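Reader: I have a structure open and would like to learn how to read it. Could we take a few features in turn?

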Amino acid sequence: MRYAVLSDIHANLEALTAVIGSLAGQQIDRYLCLGDVVGYGADPVACLTHLTKLDSLVVAGNHDQACVGRLDLSWFNDQARTALVWTRDQLGIMDLDVLRRWPLTADEDLFTLVHSSLRQPERFIYLFDAGQMMDTLIRCRTLFCLVGHTHLPCFIEYDRKHHQLLRVLTGPRAVSPVAFTQDSDLRYLVNPGSVGQPRDGNPQASVAVIDTTALSVTFHRVSYDVAACQQKIRKAGLPAFFADRLSLGR
Ligand code: ZN
């Protein structure tokens, strides 16, 4: 099976359609999405529609949860809050219903999906350090734990028996393609990076493809029409910062 792993689309339709287009020749069997489909960008409804068409398995991110009242807006900074109030106004009853159905965690095949961490998924902490990553991997019952939230691509290999990190690959250049082993003593943490708001200094959209037959994880970067996306954000009256940062990938 070949899985495409998408995260943090953030209502960026230009990035999402470019990513889906780039995967068209990749023989993808199943789409997995790690949340934050909406928030920041100007196309929440269109992104939801695309995701629905892909029949993707989706877990909820903090922005998705906030739109349906499951996370208090005080959790966010002023600009993010402004974008969320705007986003909520764009979404119809059916859209909100879709968001409401997404769980905080989901399991399928070799994968556990969660937006932030397995310790307390509802708190949306950021997995920045090795200790927090191991804490999530200890709780993971499948070979892979797929996470988003930081918008930074990474691949971590963890040996459960010796409580040791064997490989920590971060950054877009260092991580692709990489092999994995189906061994019950091992756990892998993969963050595919962000489709709609990359923050690792590379403005290209980020996506991971996991091949469970070839036993490989490949990180792809995809160029998209950043200027068109920025124009929409500004025209919608959303904070200009969310447009500006897309050119920098920060
Ligand atoms: Zn996000």
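Reader: Which residues of α4 are buried?

Author: This is a predicted model, and what follows is read from it. In α4, the buried residues are A80, A83, L84, W86 and T87.

Reader: Why do the buried residues of α4 line one face of the helix?

Author: The general idea comes first. An α-helix has 3.6 residues a turn, so residues three or four places apart point the same way. Here, looking down the axis of α4, the buried residues fall within an arc of 165°, so one face of the helix is lined by them. D78 and D89, on the other side of α4, are exposed.

Reader: What covers the buried residues of α4?

Author: The cover includes α2 (44-53), α3 (62-67) and α8 (241-248).

Reader: How many residues does α4 have, and what does it reach from its first C-alpha to its last?

Author: Helix α4 runs over residues 78-90, which gives 13 residues. It reaches 19 Å, close to the 18 Å expected at 1.5 Å a residue. At the start of the helix, N77 has a side-chain oxygen within 3.2 Å of the backbone nitrogen of Q79.

Reader: Next, the metal. Which residues are the protein donors of the zinc ion?

Author: They are D8 (OD), H10 (NE2), D36 (OD) and H151 (NE2), at 2.1 to 2.4 Å from the ion. Along the chain these donors follow the spacing D-x1-H-x25-D-x114-H. D36 sits in the loop between β2 (30-33) and α2, while H151 sits in the loop between β6 (144-146) and β7 (154-159), so this pair ties together parts 115 residues apart in sequence. Both D36 and H151 are buried.

Reader: How should I read the angles among the donor atoms of the zinc ion?

Author: Begin with the ideal. Ideal angles at a metal are 109.5 degrees for four tetrahedral donors. To count as tetrahedral, four donors need all angles between 85 and 135 degrees. In this site the angles among the four donor atoms go from 83 to 174°, and the site is irregular.

Reader: Where is N12, and is it buried or exposed?

Author: N12 is in the loop between β1 (2-6) and α1 (13-23). Its relative accessibility is 1%, so N12 counts as buried.

Reader: What does the side chain of N12 reach?

Author: The side chain of N12 reaches the backbone oxygen of G196 at 3.0 Å. Beyond its neighbours within four places in sequence, N12 is in contact with C47, G196, Y224, C229 and L246.

Reader: And where is A228?

Author: A228 is in helix α7 (residues 226-235). With 23% relative accessibility, A228 counts as partly exposed.

Definitions and conventions
Residues numbered from 1 in each chain as written. Predicted model: local features only at pLDDT ≥ 70, side-chain atom pairs only at ≥ 80, totals over all residues. Heavy atoms only, no water. Helix = DSSP H or I, 4+ residues; strand = E, 2+ residues; numbered from the N terminus. Buried < 20%, exposed > 50% of the residue type's maximum accessible area, 1.4 Å probe, protein only. Polar contact = N/O pair within 3.5 Å; in protein donor to acceptor, adjacent residues only side chain to side chain. Contact = heavy atoms within 4.5 Å. Expected span 1.5 Å × (residues − 1). Arc of directions from axis to C-beta. Donors = N, O, S within 2.8 Å, 3.2 Å for Na, K, Ca; no water. Tetrahedral: all angles 85-135°; square planar, octahedral: opposite > 155°, others 65-115°.
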